[in-house]
Amino acid sequence: MFNVCPLCGEYRVDKIVLPDGPYAVCPVCEYRHRFVRLPLFVVTGASGTGKTTTCLAAATSAKDFVVMESDILWGDEFNQSETDYRRYRELWLRVCKNISQAGKPVILCGSCIPLQFESCVERRYFSAIHYLALVCDDETLASRLRSRPAWRRTSDDEYIARHVEFNRWLKQNAHSTEPPMTLLD
């Protein structure tokens with residue numbers, strides 16, 4: 001709904017954002033649409049670090065936020081590593097932007113790194129994106145992944161190695177991403 005101009009009816013993601021107001025300006029007819037520009041909060045981490053558990057707890061205790069699990073929209077059509085999952089990230093920013101128009105910021109839970117959102121066209125509609133990366137030690141992570149139900153398919157050695165590697169990457173690089181991620185072990 002937000003990407004459709006109320007004046008000319010054009011669908012444009014690339015509206016110009018003016019901080020006063022703030023306004024989203026249609027690049028076709030220059031209509032200035034006032035909108036709510038809130039921060040977005042992203043909880044990231046390797047599979048098995050506690051993202052879902054943390055977000056479930058936040059959803060039951062934080063009434064001033066809308067908590068969303070990004071896996072609910074995942075499908076094979078988004079499995080495009082060659083684009084760094086750009087369509088999937090844009091979709092989530094669009095969903096969060098529209099939810100934010102009700103005046104509540106979103107906590108989005110899912111594995112990602114800042115570059116995947118910061119480079120998106122839809123990023124312009126948020127005042128900031130704050131990243132919290134959950135991490136744990138390698139042995140705990142491997143144990144958690146192995147103990148999950150079989151339907152989750154997280155117990156094979158290759159899967160575990162990929163997520164241990166991502167967990168280590170977060171620990172080593174969280175401070176140098178743009179913006180930096182806050183780590184929580």
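Let us start at a spot on the outside: Arg153 counts as exposed, at 68% relative accessibility (exposed means over 50% relative accessible area, buried under 20%, and partly exposed in between, with a 1.4 Å probe and protein chains only). Arg153 sits in the loop between helix 4 and helix 5, and its phi is near 55 degrees, a positive value in a residue other than glycine. Helices here are DSSP runs of H or I with at least four residues, strands are runs of E with at least two, and both are numbered from the N terminus.

Before going further, a word on what you are looking at. This is a predicted model, in which local features need pLDDT of at least 70 and side-chain atom pairs count only at pLDDT 80 or more, while totals for chains, interfaces and linings use all residues. Residues are numbered from 1 along each chain as its sequence is written, and side-chain values use heavy atoms, with hydrogens and water left out.

Now step back to the whole chain. Its secondary structure comes to five helices and eight strands, and from the N terminus on the elements run β-β-β-β-α-β-α-β-α-β-α-α-β. The C-alpha trace spans about 55 × 35 × 30 Å along its principal axes. Of the 185 residues, 43% count as buried. Contact means heavy atoms within 4.5 Å; among the contacts in the chain with a separation of 6 or more, 65% are between residues 24 or more positions apart.

Five strands form an open sheet with parallel pairing, in the order 5-6-4-7-8. Strand 5 (66–69) and strand 8 stand at the edges with a single partner strand each, so one side of each is left without a neighbour in the sheet. From one strand to the next, the twist averages 20 degrees; axes are lines fitted to C-alpha atoms, for helices over the stretch in contact, and angles run from 0 to 180 degrees between N-to-C directions.

Two strands pair if DSSP finds at least two bridges between them. Strand 4 (residues 40–45) pairs with strand 7 (residues 129–134) in the parallel sense over six bridges, and four bridges join strand 4 to strand 6, again in parallel. You can follow both pairings from Phe41: its bridge partner in strand 7 is His130, and in strand 6 Phe41 stands opposite Ile107. Five of the six residues of strand 4 are buried, so this strand is largely enclosed by the rest of the structure.

Two helices meet this sheet. Helix 1 (residues 51–61) packs on it, touching strand 4, strand 5, strand 6 (106–109) and strand 7, and its direction makes about 160 degrees with that of strand 6. Helix 2 (residues 86–100) lies across strand 4, strand 5, strand 6 and strand 7, running at about 155 degrees to strand 6. In the loop between strand 5 and helix 2 you will find Tyr85, whose phi is near 65 degrees, a positive value in a residue other than glycine. Tyr85 is partly exposed, with a relative accessible area of 23%.

In helix 4 (residues 138–146), Asp138, Leu141, Ala142 and Leu145 are buried. Seen down the helix axis, these buried residues fall within an arc of 95 degrees, so they line one face of helix 4; the arc is that of the directions from the helix axis to the C-beta atoms. An α-helix has 3.6 residues a turn, so residues three or four places apart point the same way. What covers the buried residues of helix 4 includes helix 5 (157–173). The axes of helix 4 and helix 5 come within 10 Å and cross at roughly 140 degrees.

Thr177 counts as buried, at 11% relative accessibility, and touches Pro114 and Trp169, not counting residues up to four places away in sequence. A polar atom of its side chain lies 3.5 Å from the backbone nitrogen of Met181. Pro179 belongs to this loop between helix 5 and strand 8 too, and the peptide bond from Glu178 to Pro179 is cis, with omega near -5 degrees. Another cis peptide bond joins Gly21 and Pro22, where omega is about -15 degrees; Pro22 has its place in the loop between strand 1 (16–18) and strand 2 (23–25).

Notes. A polar contact is a pair of N or O atoms within 3.5 Å; within protein, one must be able to donate a hydrogen and the other to accept it, and residues adjacent in sequence count only if both atoms are side-chain atoms.
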